[in-house]
Structures are given as structure tokens and as C-alpha cells.
Amino acid sequence: MTTLIPVAGNLPAPLTSFVGRRREVAEVRRLLRTVRLVTLTGTGGVGKTRLALRVGELSREAFPDGVWLVDLAPVRDPSMVAATTLGALRLPDHGTRSALELLTHHLARHRALIVLDNCEHLTDASASLATALLSACPGLRVLTTSRRTLRVVGENVHVLTPLAADGEAVELLQDRATAVRPGFSITDANRAQAVRLCTELDGLPLAIELAAARLRSFTLEVTMERLTDRFALLTGSSRTAPPRHHSLRGTVEWSYELCTPAERLLWNRLAVFRGGFGLDAAEEVCAGDGIAPAGVLDLLDRLVAQSVVSTCDRDGLTRYQLPEILREYGYARLCESDRRRLLRRHRDFFLTLAERLALRWYGPGQQEALGRLRAEHANLRMALEFSNGSPDNDGDSDAGVDLGADAQAGLALAAALRFHWCANGLLGEGRQQLDRALAAAPEPTLSRARALSAAAYLALLQADPATAQSRLDEVERLGHQLENPSVRAHAQGLRGTSALLADRPEQALAHFEEALAIHRGARETVEPLFWLFQIAIAQSRLADPRAADTGRRAVALAQAHGERHCRSYALLALGYELWARGDAEQALPHIQAALEILRDFNDFIATSRALELLAWIAASRGAHHRSALLLGAVSALARSVDIAPGAEYAEHHARCAEAVAAALGRAAYLKALADGSRHDSPAQAIHLALQREPAPADSAVSAGIVKPLSRREEEVSELVARGMTNRQIAAALNLSPRTVDRHVENILTKLGLCRRAQIAAWWTQSRVPAV
């Protein structure tokens, strides 16, 4: 049985400790072992999300295919719940099947836990999704958090109650107060006051965290007196509201009023973000009119210290976020005109960000750009909705605002996100957003030409050549009308892509060469990169002797500009050509180099192509079992993007499969295919493709062929030997867990080892002095 690499999921790393809830954590984990749908419910601020994340973190070993967080707080459209889940699981939306079909297809074979967080405003859609997934995926568990239950068959409800005032509530108060006032301590002398304060706060963790932040300046006694006065005022003004509503609302309002005017302004303005934000976004969107740009960071730090803003690490990026209750409170404090003004600034920031990343795409930093766009997806979606007429921009606009300009900005944003739609696997949503933006802004502008080109390319990737050709006709007309050579070059190049996908290499080659000629005439040097590797593919299919040289030119051009994604495609094109010439030994390092690059991209199609080539080479060397494993992974990846396995190389694929099945026998072949198909993500498939053949654990060491470890890899090896997990190592070395995962894989490869435990043995042995 092939061993799968661990799948960490996507849980964010919180920057504050988890306190208390030991009994509840144990109970929810017990429930998840016996039932398949658990809903954590309870009043706002009671800590449902933090408990769910804690349970997920402690349950990783029980779910080898991942623990995945789906935050539904930023989602307003019920139809986007399944698509949001698909994106959270890093699954591509490449085909024409619905997001729900893609999810059920992928998860049907997995043991995984999905945490659907903040379902209360989307209970029907969340209930439908959970029911459909659980019905189709026997190894799946779903943990939801909601202020309301889903009310579906099979739902097990765990009501999360407030913390005991004289127990875990005081423990939480102590922990959070110490963070802002290191000398603070709850002693026998002040414990009664601490218990009374937690009682007044009804044991609600959010209220306790807000109050604890005030202990930086106030004593326990003063804090309690101020809050008691606030609660009395609220009770007098609204006798029908539940007491816990008073305690949370009172604590929020008191915290708000104790903020300085500038802190309040920032709190309110930060509420326009969805799904978190970065410092640069806060500085650009929220500064001005009472907040100096240089002062945003200081104000933000002060709000973090007051527990108004939380921080976490996602994919190596530090993100800020307001808890949803505090975000709603701040948003309600904004007047309509301020909301529209801030939403427009929000849209303009993300337009500038997207255009900057698109302009620099064919250069270094592609992985980081894609990670940033993934992190900002909820904000990007909101910016597009605002531009195209969201409830906050429905015609009741500020005087003098040109709604046509908003539509043009939305069109420009949808076009600038073309690499996000493609490389981050969001073809379906990308087409919807582009179609909507194109309909809202029909004027013949450069933004429209770019959006049409992007829409045409997405249509080609979704096997819709008729729509693509219609879009390209308009692109070509606009290119001449605007007298823009770049637009005309892209029209010709994409016609070449269309012909290549339709297996018309001669026609494709003519279009690509025309595109290159236009680029040369306009002195554009990096733009030809996207066409060069496709030219190599077309030439290879035509048995053109220039194919290998073209592939090398494409690789060299990408390397000269620090570009990596197209470089991986060029390496694959060159590897295929060398293989076709009968030089598998020369082809192999090019394919492996492509896979090393693809480790940083969630590219199902390119990874599938690479494994296909490796399967052929393995079969030609007599490694039939390995070839079958690779063919199984190819099949799994292809199904995820809704294409037939080996679609581009159908004849070679069939010939390889027949030869391997004949060599292994039908039963062994089918078993190896099934084992390989478990590697159904690019990361897992690449791990399979690049791992060495099983060998004795010390073979590489004893043979004296160990590659030297880098200084960082030696540090990681030492911590592995100490028994630390990858997540613990990441915290100790101030790295992201994903980076540590990669270091461990590199160590295994360099040492010729197969298992993590062998690293510890190697480290111990290597530190024993030679006799």
C-alpha cells in the first residue's frame, strides 16, 4: 500500500493560546468518532469557532485526508456556499460540473473533517451542503458552528454554554490579562473580584477577552464597576432582551467607548473587509479623515491589544480580522455615505493590488502572488459585487459618482484577476464574474479587451471553443479599433491555443508565430513566453526538428525573467519532445525539474501531464508497478479537473496501460491503479512521483551518497529527532507549517529515507563521534 503524505488541511494558526473547555473538547471529539454531523451552537461570543478549531487541531490524526476550515462569515449568496467550500479545500473548479458535484466526487474516497464555520445566516444552504456531502462520502465528518441548528436528519447538537465563572472563566481572564499586563495575577486576595467580574460577563469568552484587555489600565474593581453601570443602563432601556445579550452588548459598547476617537474610527472602517485583511489594505482603505496613514499600524496594534482585532497566520501571511460580532457592530456605526465611500476605496485598493500582481506575473513571486489572492478572495468577491451593483451600490450613490466608472473598475478588476481564476483553479467563478462585468460595461475600452481575452481563455479551458471564438472575434476588432498591438497579439495567440486544444497543430503554429511577430514589432520581450512553450508542443506534434530548440528557448526566457509557472510547462514540453525522440534519460531531469517547480502551485493539469510522462518512462524501464501507481494518480487528477486521463496523449496512454496490465496481471494492475489514485492532489501526486524507489533505510548513507543538508534542514532534523511535530517545529523556527513540511520532504529525499522516524535515527547516529 502506498503511503500518502500527511495532509495538514487549512486551519489557521491562532496567535493566542486556547484556554479551558477541556470537557467540551473531549465530548465533541467523542461525538465525531461516533456520529457524522455535529453542530456547535450557542450564543454569540461563547467561543464556538475557537472550540471547533481546537477540536480540528487535535483530530488531525483521526482524519488522514485533512481537517478543513470553511469560513462562511464573508459569504452572502447562498449559492456560493459549495463554491466557497471547494476553494477552501484547494480543489479546482476547472470543468463544467457544479461545485457540489466536484466536492462529492473528491471527498467520496477520503477520511476528512470539514468545519463549516458561521452558518447562522446560511442555515438552509449549509444544511443542504452537509446533507449532500455526508450522503455521498462515507468517510467524511462535518462539524458546523452556528447560532441556530441546521435541523437536518443525523445532526447531533452540542450546545456550548458559557464558562463557569469560578473556574475556566477566571483561567481565561488570567491568561488574557497577563498578555497585556505581565505583572497581573489572580490571587486569593482578588479572586473574589475576578469571579464576580466573570459572573457579570456571564462567562462569555469574547466579553472576558474584551474586559481583560482593559486590565492594562484599570484594576479589577474599577473594571467591574464600569461594566455594572453599563449593564444597568442597558437593562433599564430594554427589559425584554436576554441577560446575556446585555452582558455582551454592554461589554462591546463599553470597549468601544473606551477607545480613543481614532481607534473607534479604525474599528468602524475595518468592518468593510471580509475574511480578514493585511496591513497594507488597512493603511490604504482606512487612512484619512482623522487617521494618518503612518498611524494605522499603531492604532491596529492597540486594537489587537484590546482584543478587538485578532491575528492569525494563513499560508505564511499574517492576517488581521475582527470577530464577526465586533465587525457587525463597527459596520452598523458607519453612515450610508461612509459605507459607500469606504467600499469604493476598498474596491480601488484591490483593483490596484490585482493589476500590480498581473503586471508582474511573468517574473518572480508567482507563488506569493497566488497565495495573496487566495487569502483575499472574499474581499475580491465583495469588490466585484460592489462594482457590479451590490446592495451597497444600488443606485443610491453619492452625488457626482459615476456608476459607469464603477462598472469599468469592476471590469478591470475581473480582467486583472485572470491568473487568479486560472492558476488558483477558479474557472467557473472566473467566467461568471467576467461575464457579469462584461455585461455591465459594454464600452470599447482596453479593460474590455483584456476581460474578453481572459473570458476566452477560461472558455477554452472549460472546453467551450464556440464561446471562446466569439469572444476572440470581439478582441480582434477591439485590437484594431484601439490600435493596441498587445491586444491583437493575444487574440492571435489564443486562437493558436484553441487550435492546439482541437489537435490542429499546423493552424496553431501559424497563429502563434503571428502573435510572436506582433510582440516583436511592439518590442514586448516577456509576453511571448506564454506562446513559446505552446509552439514547442505544436512543433513536437508535427515532428518538427525545431521543437527541442524552441522548448529550450522557452525555458531560458522564463529563467531570465525569474518566471516559474510557464517554465514548468516549457520543461514538460521539452521533456515530451526528448522522450518522443527516444531519449528518456535526457527527458527525465526536465520532467523532475518541472515537478519541483509545481510543488509551489496547485496545478492539477500540469502535474497530471508530468506523471503521465513519468509513467511511460517507468514502463519502458520495466518498473511496471511504479508505472501503474503513476497512471492511477494521473486518473485521479484528471477526474478532479473533469478531463479524461491521458486526453492529450490518448494513444500513448492506452499503449502504456496495456503494456503495464499485461506485465503485472489484471488483478495486480487494478490494485496498483487504486493505490495510485489515492494521490489525488498535486502535492500528493508530486510526492509520489519524486520519491525514490523503496530501499533500505541506511542504503544512501552507507553508500556515501548523502547530499549535504542545508543549515536550516539540519535545524529541522534536530527538532524532528527531539520528537517535535512539524507544527511545533514551525513555531520554534518562526516558519509556516507548509515550509517545514517541504524541509522534511527534502531531508528524506537527500538522505534516501522513507519515513520520518528514520530522520531521528540518522541524526542520532550522525552525532556519534567516529572511533
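Predicted model: local features only at pLDDT ≥ 70, side-chain atom pairs only at ≥ 80, totals over all residues.
Local features are reported at pLDDT of at least 70 and side-chain atom pairs at pLDDT 80 or more, whereas totals for chains, interfaces and linings use all residues. Residues are numbered from 1 along each chain as its sequence is written, and side-chain values use heavy atoms, with hydrogens and water left out.

Strand β5 spans residues 140–146, and seven of its seven residues are buried, so the strand is largely enclosed by the rest of the structure. Here, buried means under 20% relative accessible area, exposed over 50%, and partly exposed in between (1.4 Å probe, protein chains only). Helices (H or I, at least four residues) and strands (E, at least two) are DSSP runs, numbered from the N terminus. Cover comes from both sides: L140, V142, T144 and S146 are buried on one face of β5, and R141, L143 and T145 on the other.

Strands pair if DSSP finds at least two bridges between them. Strand β2 (residues 37–41) runs parallel to β5 and is joined to it by five bridges, with L37 opposite V142. Strand β4 (residues 112–117) also pairs with β5 in the parallel sense, over five bridges, and V115 stands opposite L143.

Together with helix α5 (residues 123–136), β4 and β5 form a right-handed β-α-β unit; right-handed means that, with the strands pointing away from the viewer, the path from the first strand over the helix to the second runs clockwise. Within helix α5 lies A130, which counts as buried because its relative accessibility is 0%. Leaving aside residues up to four places away in sequence, A130 touches L37 and V142, contact meaning heavy atoms within 4.5 Å. A130 and L37 are 93 residues apart in sequence, yet their C-alpha atoms are 7.9 Å apart in space.
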